[in-house]
Amino acid sequence: MAGSGLLALAIAFLFACGKEDEQPDNPGTTGGVKSITHPCMLHTEADFAFVKSKVQAGEQPWANAFAHLEANKHAQSSWQASPVKKLARLDAGNWATIDRWIREGIEEDWYNGIHSNYTQLMYDAASAYALAVRWKISGNSAYAATGVKILNDWAKTCTGYIVNKSGALIDPNENLMAIQVYQLANAAEILRDFSGWSSADFEAYKKWIADVFYKHASSFLQAKSGCAMHYWLNWDLAQMTAILSIGILTDDEYKINEAIKYFQRGLGTGNINNAVPFVHQDPDSNELLGQSNESGRDQGHATLCVSLMGAFCQMAKNIGEDLFIHDNARALAMCEYTAKYNIGTTENNNMAVNFKYEVPFTPYTNCEYSHPAISNSGRGTVRPAWELILRLASDYGKSAIYSQEWVTLMRQNAARGNSDGGQGDYGSNSGGYDQLGFGTLMFAK
């Protein structure tokens with residue numbers, strides 16, 4: 001079951017955050033975003049007021065979830081940023097010796113020992129966000145001050161990615177650092193009203209995040225054609241979340257339009273019809289289940305797509321674009337499909353076990369890869385994404401049976417304060433930091 005998913009060319013931006021003017025369709029036409037009421041990325045001011053009231057009243061699950069945030073290593077005012085001049089996320093097999101660096105004409109970077117330092121950005125982005133949330137709920141300015149210092153340190157130190165002499169990225173894996181961009185932008189969006197962040201530094205930060213990250217994210221999406229570049233969904237979603245978050249932070253209508261229209265009719269897998277090529281009737285309920293572009297690859301990446309899709313649709317929702325329910329709620333169907341296949345009766349070491357369900361599957365070929373059956377590789381991967389998906393579904397009055405099961409399962413984990421937890425709770429590698437988490441705290445309703 002498939003829908004065209006294509007909208008009419010005229011797109012009206014009626015921003016829930018306060019935008020009233022209809023905007024032009026063509027990205028590149030700048031009518032000017034006139035009245036966004038910040039913050040309005042993943043969280044609004046009303047969201048923080050709601051959560052703060054619940055925490056102060058000692059109500060659950062918010063009180064336990066906040067206590068878990070307070071104990072998180074990334075939410076401490078003692079955190080020290082570790083900014084780097086040039087960011088690198090390079091394939092060790094291709095860049096371990098100097099030969100390729102010489103061919104690219106950038107051997108000086110090899111001598112500087114740069115190979116894979118993106119984890120420093122990953123950890124600092126996690127801390128900036130956790131500190132920002134802790135400040136908004138506790139009111140303690142020490143956490144905001146540390147969060148602002150992290151962001152300022154990066155803006156004053158980092159000049160961008162390692163690139164070749166033509167200014168292009170030297171390894172496709174560098175594009176994956178876009179995952180950290182929406183995290184940095186959300187931290188800045190929360191902290192933008194902190195009195196300790198000078199207007200000069202804030203403006204410099206906004207310029208930095210756009211100058212360093214936007215051009216590469218946009219170029220990645222614009223270059224898509226057939227199997228060119230990387231054709232798995234998580235790559236496109238990483239760029240789309242980066243562009244949308246930068247657009248909101250900087251009040252840039254061009255970037256906002258670019259990201260949203262790519263979701264609606266882009267050339268790559270970020271187009272929702274390419275992201276979810278098959279929709280099935282759930283044999284066990286009235287819900288629709290959306291088979292994702294990555295369902296036949298592995299479940300680690302399929303669940304990553306849920307995390308990124310949830311963040312993208314939540315940010316869009318907070319500026320008045322209802323992408324989560326676009327084309328008969330195709331994004332929600334994808335999340336429910338992935339949730340159903342991966343849910344178990346218990347959770348052990350961040351993996352669900354004792355699987356409860358199977359799902360329909362249509363064999364497909366994704367460029368040169370044929371997928372005759374759904375992949376069970378990484379089945380049961382636990383990611384702190386389901387509270388957000390359930391909240392989105394609830395806000396739109398939609399059923400989310402299997403996301404609800406995930407929320408229930410993850411709230412049984414006492415080690416995470418009977419909440420889904422956040423960054424640092426799911427390992428120290430990139431998989432544990434691909435999503436911000438703390439959804440029980442911020443999205444429980």
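**Notebook: rings, backbone and cysteines**

I am working on a predicted model, in which local features need pLDDT of at least 70 and side-chain atom pairs count only at pLDDT 80 or more, while totals for chains, interfaces and linings use all residues. Residues are numbered from 1 along each chain as its sequence is written, and side-chain values use heavy atoms, with hydrogens and water left out.

**Entry on aromatic pairs**

I noted 19 aromatic pairs in the structure; rings of Phe, Tyr and Trp (its six-membered ring) pair if their centres lie within 6.5 Å, and planes under 30 degrees apart count as stacked, over 60 as edge-to-face and the rest as tilted. I then picked out the pair of Tyr-161 and Phe-213, which is edge-to-face, with 5.8 Å from centre to centre and 65° between the planes. This pair links distant parts of the chain, 52 residues apart, with Tyr-161 in strand S2 (residues 160–161) and Phe-213 in helix H9 (residues 199–222). Helices (H or I, at least four residues) and strands (E, at least two) are DSSP runs, numbered from the N terminus.

I looked up the accessibility of both partners, where buried means under 20% relative accessible area, exposed over 50% and partly exposed in between (1.4 Å probe, protein chains only). Tyr-161 has 8% relative accessibility and is therefore counted as buried, and Phe-213, at 2%, is buried as well. For Trp-197 and Phe-202 I found ring centres 5.0 Å apart and planes at 70°, so this pair too is edge-to-face. Trp-197 and Phe-202 are both buried.

**Entry on a charge over rings**

I searched for charges over rings, a term that applies if NZ of Lys or CZ of Arg is within 6 Å of the ring centre and within 35 degrees of the ring normal. Arg-379 lies over the face of Tyr-341, 3.7 Å from the ring centre, and the charged end of Arg-379 also sits over the ring of Phe-355, at 4.3 Å from its centre.

**Entry on the backbone**

I checked omega and noted a cis peptide bond between His-38 and Pro-39, with omega about 0°; Pro-39 is placed in the segment before helix H1 (45–56). Another cis peptide bond joins Gln-60 to Pro-61, with omega about 10°, and Pro-61 belongs to the loop between H1 and helix H2 (62–71).

Asn-350 is in the loop between strand S5 (344–348) and strand S6 (351–355), and its relative accessible area of 23% makes it partly exposed. Asn-418, also a residue other than glycine, has a positive phi near 50°. I placed Asn-418 in the loop between helix H16 (401–410) and helix H17 (439–443), and at 32% relative accessibility Asn-418 counts as partly exposed.

**Entry on cysteines**

I looked for disulfides, meaning pairs of cysteine sulfur atoms within 2.5 Å, and the structure holds zero of them. Cys-305 is in no disulfide, and the nearest cysteine sulfur, that of Cys-335, is 9.6 Å away. Cys-305 has 0% relative accessibility and so counts as buried, while Cys-158, with a relative accessible area of 4%, is buried too.
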